[in-house]
Amino acid sequence: MEKTIVIVGASADRRKYGNKAVRAFRDGGWKVYPVNPKEKIIEGIRCYASLKEIPAPVDRVSLYVPPSVGRKILDDIVALQPKEVFFNPGSEDDDLIREAERRGLPVVQACSIVNIGLRPEMYGDT
């Protein structure tokens, strides 16, 4: 069965990690749900305006947004019942991690792209 990932902060800008993640997980065979309220399509994949639109449960949520945004969407992440939540570099702070863990989320602080055996630099900016 295909694994599923929600990429919060997905981007159409190929220079951003939120875009590199979409490409990496797609290439890795995952079903990708990009989330960004300003985009309709990212890398040929339908983009969702919010986590509330994503069919639950999902295997992984990967955050590419600042901690202030992460705090605002914690309830929506909990509702998806993910098996793991990746806080990529720059998306975490101590208070947010503590609150996510308090709510029972399975937190991982690491680069989710590297976790699947790929590297962000494998994905060019153009």
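Guide: Gladly, and please keep in mind that this is a predicted model. Take C47: its sulfur lies 19 Å from the closest cysteine sulfur, that of C111, which is too far for a bond.

Visitor: How many disulfides does the structure hold?

Guide: It holds 0 disulfides. A disulfide needs two cysteine sulfur atoms within 2.5 Å, and for C111 the closest cysteine sulfur, in C47, is 19 Å away.

Visitor: Are C47 and C111 buried or exposed?

Guide: The cut-off for buried is under 20% relative accessible area. C47 is buried at 6%, and C111 is buried as well, at 19%.

Visitor: Let us turn to helices. How should I read the way a helix faces its surroundings?

Guide: The general idea is that an α-helix has 3.6 residues a turn, so residues three or four places apart point the same way. In this model, look at α1, residues 17-27: 8 of its 11 residues are buried, so the helix is largely enclosed by the rest of the structure. The buried ones are G18, N19, K20, A21, V22, R23, A24 and F25.

Visitor: What covers the buried residues of α1?

Guide: The cover includes the strands β1 (4-8), β2 (31-35), β3 (41-42), β4 (45-46) and β5 (60-63), along with helix α5 (112-115). After α1 comes G29, with a positive phi near 90°.

Visitor: Now the interior. How do I read a nonpolar core?

Guide: In soluble globular proteins, nonpolar side chains tend to be buried together. Here the largest nonpolar core has 21 residues, and those touching the most other members are V6, V8, L51, I54, V61, L63 and I77. At least two residues of this core come from each of β1, β2, β5, α3 (74-80), β6 (84-87) and α4 (94-102). There is also a second, separate core of 17 residues; I5, A10, Y64 and C111 are among them.

Visitor: Which residues are in contact with L63, leaving aside its neighbours within four places in sequence?

Guide: They are V8, I73, I77, V85, F86, F87, N88 and S91.

Note on methods
Residues numbered from 1 in each chain as written. Predicted model: local features only at pLDDT ≥ 70, side-chain atom pairs only at ≥ 80, totals over all residues. Heavy atoms only, no water. Buried < 20%, exposed > 50% of the residue type's maximum accessible area, 1.4 Å probe, protein only. Helix = DSSP H or I, 4+ residues; strand = E, 2+ residues; numbered from the N terminus. Contact = heavy atoms within 4.5 Å. Core = buried A, V, L, I, M, F, W, Y, C linked by side-chain atoms within 4.5 Å.
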